[in-house]
Amino acid sequence: MNCPTEHALRAYIDNELDPTEIAAIKEHLVSCPACPLRLETFSAAALRVASRFHSLDAPPSAAETNPQAALARFKANLSASEERVPFFARLFSPRWRFVWAASFAAVVLLVSLLFPATRSFAQRLLATLRVERVQTVALDFGALDNASSSRQPLEALAKMLSENAVVTIDEKPSSAATQAAASQAVGFPVRVLPNRTDSPAFKIAGAHAFHLSLDRSRLQDVLDQAGRPDLLLPASLDGATVSVQVPRAAAVKYGSCKHSGDSSGQAPATSSTPADPCLIVIQAPSPLINVPSDLNIQQLAEIGLQLVGWNPVQARQFCQSVDWRSTLVVPISRNVQSYETVNINGIRGTLMQFSNPHNRTGPSFALIWVDNATIYGLIGQGDSTSAVQLASSLQ
Amino acid sequence: MEPLSNTLSPVAAPADSTTRKLSVQAFEELFLSTYPRVVALLRRMLGDSGRAEEIANEAFLKLYNTTLPPSVRANIPGWLYRTAMNLGIDDLRARTRHTQVAQAASQAVSSSAQPENGLQRVLRSETQQRVRLALSKLKPEWSQILLLRASGYSYKEIASHLEVSAASVGTLLIRAEAGFEKCYLELFGEKD
């Protein structure tokens, strides 16, 4: 007989083998010069550990748990918590998860659907979603862009997410002929630019929903691969289910936009003329994201920021300054040449100017703001000086 | 509790993509059969019966509220055990950070009517603190298997709860024990 496996020897110690296996191991131990020592080593370690754990044994006086009584308490707590809180507040309570009104990921996703070249930009921004206000954060993705070894963890992350996600709704994009038809299709009034005389194209992005179960050890592997094994993910992350619902959204497209998602494969059209500059107005109701109530978003955000090069103190300070449940966090990457806070009918928005030498067909500016739980994005090529005025004029 | 029409066996729920959650009946059956064992496991981990029950309730609440993916529905008790133990480990880590482990451990001992003399009690309390500190530092997978084993779970149960192959439990135990001893040695500088 070959030497028994580690498993078999350990199981032998715990008397977890069947009689024939036990007999075979006993017989082997008599003749093998090495295995009695292996057995002794495993057995001694098991005994030492067991004796330490023995100190944790509950005292004999510990009360037996009565499951019937516990279930009755559980149900009482459940109904009490459901009845006490008004419906609206319940939506925002941790138990019912919260409504993350705006999703940067969704905006970036939409941008990336319209401008394929920015897709890799979108893929980096996986976790920060929010609603009531816009907060910018400067991130230097330079290192991640250039070093292929740093890209690996992100690819591993994307792979894990795509393998684990269960897609329940996946509508295809469609078009609408008129403002009224677009409004009907998306279920909310689609706003247009009243001062543009050319008629826009209405694109409808389909609704999407998926859920996925997080695998802590694989996520930790991602951190390890990124060279940050010191960043420890909370154990409660494991098995946590995150579900995401993205409602239908509308994109109103003016002018001739280069590479605007038409997969015609043709060369880009000539520059848009000043008379009808390319402008796309994205209007997306905030996605709903359900995460376990005990999932510490701030902690995860801190880990994320450290992963992209922030020091722990900076990361903590920033994360503490942001209410992660209601803020649209807009990462400013090196593609963003400048950004400024602007005022759109009393609402704070962020106007970003892109400088993207590799992607001349992409957007040159994006104005993002959140109004009434709807995320608006005004994206264009060319001059951004009238962006705020255009945004304020939406009807 | 909201009525749910689909009934699942709590032990081996079919991976039916139309079934979003456990039926009330299946949930209650699972609660009654599993709750005492989960609480006992957490009590051993945390040394605090009240906290053990709180965390067990939290784990069941998660189960109640969560839409489980098909991969989980095939082994719901396993998901529940792992979730409860992970919540316990997070709790241990939080307490470790606030250096409350010592207090909790000594409270747990002093409140029990144990026929131990003073010295035994002190030694036992010290070992408890140290084991819990080590458990909070180890890879969660190792802490889980050591706790299950110390609580008398069979290899078959361990394999099912941790979703590992039954023929690897012994090897995993050896790894976890070696990891535990190394961690213990680094923390406290003693082996025996």
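**Reading the terms used for chains A and B**

Chain A has 14 helices and 14 strands, and the model is a predicted one.

Colleague: Why are H7(B) and H9(B) called roughly perpendicular to each other?

Modeller: Helix H7 (residues 140-150) and helix H9 (residues 169-188) of chain B pack at an angle of about 105°, with their axes 9 Å apart. Angles of 65 to 115 degrees count as roughly perpendicular, and therefore H7(B) and H9(B) are given that description.

Colleague: Which residues of H7(B) and H9(B) meet?

Modeller: From H7(B) come B:Trp142, B:Ile145, B:Leu146 and B:Arg149, and they meet B:Leu172, B:Leu173, B:Ala176, B:Gly179 and B:Phe180 of H9(B). Sorted by class, this contact has seven nonpolar, one polar and one charged residues.

Colleague: What makes H7(B) mostly covered?

Modeller: Of the 11 residues in H7(B), 10 are buried, where buried asks for 20 or more other C-beta atoms within 10 Å. Just after H7(B), B:Gly152 takes a positive phi of about 85°.

Colleague: Why is A:Asn345 called exposed?

Modeller: A:Asn345 has 12 other C-beta atoms within 10 Å, and a residue with 12 or fewer counts as exposed, so A:Asn345 falls in that class. A:Asn345 is found in the loop between strand E11 (336-344) and strand E12 (347-354) of chain A, and it has a positive phi of about 50° although it is not a glycine.

Colleague: Why does B:Glu163 count as partly exposed?

Modeller: B:Glu163 has 14 C-beta neighbours inside 10 Å; exposed needs 12 or fewer and buried needs 20 or more, so B:Glu163 lies in between and is partly exposed. B:Glu163 sits in the loop between helix H8 (155-162) and H9 of chain B, with a positive phi of about 55° although it, too, is not a glycine.

Colleague: How do you know that the largest nonpolar core lies between domain 1 and domain 3 of chain A?

Modeller: This core has 65 residues, of which B:Val38, B:Leu42, B:Ala56, B:Ala59 and B:Ala84 touch the most other members, and helix H1 (residues 24-46) of chain B gives the most to it, with 10 residues. Domain 1 (7-54) and domain 3 (97-393) of chain A both give residues to this core, so it lies between them.

Colleague: What is B:Ala84 in contact with, leaving aside its neighbours within four places in sequence?

Modeller: B:Ala84 is in contact with B:Val38, B:Leu42, B:Ile55, B:Ala56 and B:Ala59. Apart from this core lies another, of 35 residues, among them A:Val190, A:Phe202, A:Leu367 and A:Ile379.

Colleague: How many residues of chain A are in contact with chain B, and which element of chain A gives the most?

Modeller: In chain A, 43 residues are in contact with 54 residues of chain B. Helix H3 (35-54) is one of the elements that give two or more residues to this side of chain A, and H3(A) gives the most, with eight residues. By class, this side of chain A has 23 nonpolar, 12 polar and eight charged residues.

Terms used
Residues are numbered from 1 along each chain as its sequence is written. Chains are lettered from A and ligands numbered from 1 in the order in which they are written. This is a predicted model: local features need pLDDT of at least 70, side-chain atom pairs count only at pLDDT 80 or more; totals for chains, interfaces and linings use all residues. Axes are lines fitted to C-alpha atoms, for helices over the stretch in contact, and angles run from 0 to 180 degrees between N-to-C directions. Helices (H or I, at least four residues) and strands (E, at least two) are DSSP runs, numbered from the N terminus. Angles under 35 degrees count as roughly parallel, over 145 as roughly antiparallel, 65 to 115 as roughly perpendicular and the rest as oblique. Two residues are in contact if their C-beta atoms, placed from the backbone, lie within 7 Å. Ala, Val, Leu, Ile, Met, Phe, Trp, Tyr, Cys and Pro count as nonpolar, Asp, Glu, Lys and Arg as charged, and the others, Gly among them, as polar. A nonpolar core is a set of buried Ala, Val, Leu, Ile, Met, Phe, Trp, Tyr and Cys residues joined through C-beta atoms within 7 Å. Domain bounds come from an automatic or database domain assignment.
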